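Here is a short report for a first look at this structure.

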Amino acid sequence: MTLPIALAVAAIIVICATDVIAPRVRTAAPLILVGIGILVSVVPGVPAVEIEPELILEVILPPLLYASAVRMPAISFRRDIYPISALSIILVITSSLALGGLFAWLVPGVSYVWGVALGAVLSPTDAVATSIIRGGRVPGRVVTILEGESLLNDATALVILRTAIVATASGFSLAGALGSFAWSLVVAIIIGVIVAAVSFVVRKHIESATVNTALTFTLPFIASVPTEMLGSSGLVAAVVAGLITGTLDPRVLPPRHRMSSAENWASIQLLLEGFVFLTMGLQITTVLEALHEDSLGILAGLGLTALALVVTLAVRSLLVRTLLKRLRRSRVRGEAMNERIAAMQKMIEAGEDIRMPRRGGPRRGEAVTVKNTELFATRLRRARADFGYYSRQDLGRSEGIMLIWGGMRGAVTVAAAQTLPASVPHRPLLVFIAFAVATLSLLIQGGTVGKLAKHLFPAGEADVEAEEFDRRQREAIFDLLAGAAAAAGGTSTIGAGDAEGENAPGEAAAGADPDGEQPADEGEERGSGADDAGPGTDAPATEPGRTGRPGGYPDKAEMLRILRAQRKALLDARDDGLFDAEMVEHVLATIDAEEISVEMRGAPVD
């Protein structure tokens with residue numbers, strides 16, 4: 001018992017040390033951990049390590065995908081759901097079929113069905129591996145698409161793998177395969193939504209931040225376990241629960257609970273991700289020993305690995321190129337539609353009736369008057385913000401290259417390959433190919449993606465434009481907060497230094513109007529009291545901890561009411577897509593910190 005504990009402690013120390021050292025040597029921590037694992041595994045006397053695939057797929061991945069989904073802004077996910085869906089579904093299917101033909105052609109005894117099974121194993125990108133591209137100079141929209149793809153494509157791959165295994169025993173049915181995929185997706189979404197909803201009902205009544213955080217550790221498994229028992233995708237259920245949790249947490253839970261949860265989840269992510277990459281390297285000895293028993297040998301394995309990498313990148317390149325063309329055409333149509341939206345917004349402001357074609361029914365196409373103008377105005381505002389996002393965050397040639405090169409394989413590929421039945425012809429060779437593809441993808445693509453990003457997106461005029469856009473967004477956000485504070489009967493408690501850009505995000509914002517301006521009155525309309533906020537928008541930000549009461553006496557209840565009104569206004573603007581998600585998170589953290597500071601103070605003193 002002492003040895004396993006010592007090994008676990010040693011692994012934690014190595015993971016933590018690597019995370020500290022990685023920025024200093026300018027190398028991603030996952031790459032260092034894989035290298036350490038490989039070096040340790042080949043040391044004489046070190047026993048072979050074999051990790052059960054169920055440990056990765058059922059124990060490690062659900063919390064990791066859940067945590068990544070919580071961190072992903074839902075507005076960004078919604079805006080790019082089309083490219084995310086194309087990459088996570090169509091690309092995985094296409095790659096699986098192409099790789100299936102390759103392996104059936106080159107590996108003796110391997111049928112096309114088993115080739116497709118291995119193709120499904122190699123096709124999905126890894127959410128943990130994709131974390132390598134976070135930060136640096138990779139555009140935010142590219143990161144969102146890659147992360148969204150890696151959160152969902154595991155389900156597609158595992159359904160294809162499961163279908164291929166069943167097909168070898170009872171024959172392939174296209175209708176059965178499509179039905180299985182639809183069932184997997186629908187059930188996972190329903191259970192994920194239910195788990196997130198029930199968790200909010202329970203957690204909002206819990207006063208202890210510690211207990212609340214502990215309960216969040218169970219959510220990925222509460223979502224994934226029953227979903228798997230129903231034959232659906234537990235990973236998708238965990239992702240859905242995470243997306244909803246990340247979106248609604250700021251509206252439901254107090255800041256202290258959310259900050260406690262975020263800090264603890266960051267620690268868990270660090271250790272789980274480190275464990276995944278470290279064990280990937282440690283398993284090389286086990287994989288190589290099994291390969292010695294295969295008649296084709298390691299040279300054939302390396303050759304097939306190289307071909308598999310080339311095929312996956314080629315198929316990905318073709319789909320990304322087609323995808324970018326369609327997105328470009330959609331953006332052009334959106335820019336033309338944006339003018340119509342602006343005209344309708346002016347009509348609503350002037351109190352004029354809006355008439356739109358009837359969508360359904362016997363009189364389809366007939367013009368009818370819009371009755372719920374408030375809801376319609378919200379839809380217009382969100383649509384215009386979306387078009388501004390697409391215009392500023394356009395996906396061109398450089399972004400396309402990053403979408404191709406940034407899709408890396410990882411632990412999912414290795415774990416899924418080990419679930420192949422023992423009866424599969426040349427199983428040791430196929431497992432080796434999966435391991436080699438994942439490892440080389442990490443080392444080659446992951447090791448060069450940073451330099452590629454610097455080459456494709458050099459510092460220059462674009463950075464100046466981004467800083468100017470950030471400045472305008474900061475001003476609009478703090479005008480919004482001042483208006484919300486005025487509507488609540490006070491003045492803003494957020495320091496004016498933040499409005500000048502101190503400690504603010506430096507990346508380009510997305511979500512304002514296409515001309516780069518963000519009118520303050522749009523935000524005020526969404527919960528900041530536009531009718532009463534006129535003087536408040538020009539009110540100077542006060543010193544934190546003081547209010548506009550005569551004499552400046554601190555009033556705890558009033559300050560909390562103002563901060564909560566500001567949070568609501570900011571979250572409403574976030575849901576409308578009016579501001580960059582990263583900047584909203586920064587300002588939200590500032591509001592949360594101020595609220596915690598106010599709550600820790602004593603009762604008002606006369």
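## A residue on the patch

Ile 189 is found in helix H9. Helices here are DSSP runs of H or I with at least four residues, strands are E runs of at least two, and both are numbered from the N terminus. Ile 189 is partly exposed, at a relative accessible area of 38%. Buried means under 20%, exposed over 50%, and partly exposed in between (1.4 Å probe, protein chains only).

Ile 189 belongs to a nonpolar surface patch of about 840 Å². Other members include Leu 185, Val 202 and Leu 215. H9 (174–203) and H10 (209–216) each supply at least two patch residues. H9 gives the most, with nine.

## About the model

This is a predicted model: local features need pLDDT of at least 70, side-chain atom pairs count only at pLDDT 80 or more, and totals for chains, interfaces and linings use all residues. Residues are numbered from 1 along each chain as its sequence is written, and side-chain values use heavy atoms, leaving out hydrogens and water.

## The whole protein

The protein has 24 helices and two strands. Of its 606 residues, 50% are buried.

## Aromatic pairs

The whole structure holds three aromatic pairs (ring centres within 6.5 Å; planes under 30 degrees apart are stacked, over 60 edge-to-face, the rest tilted; for Trp the six-membered ring is used). Tyr 66 and Trp 265 form a tilted pair, 5.4 Å centre to centre with 45 degrees between the planes. Tyr 66 lies in helix H3 and Trp 265 in helix H13, 199 residues apart. Tyr 66 is buried at 2% relative accessibility, and Trp 265 is buried at 8%.

Definitions and conventions
Patches are made of residues with over 30% relative accessible area and no salt bridge: like charges are joined within 9 Å, nonpolar side chains (Val, Leu, Ile, Met, Phe, Trp, Tyr) within 5 Å. Accessible areas come from the Shrake-Rupley method with a 1.4 Å probe; for residues, only the protein chains shown count as cover. A salt bridge is a side-chain nitrogen of Lys or Arg within 4 Å of a carboxyl oxygen of Asp or Glu.
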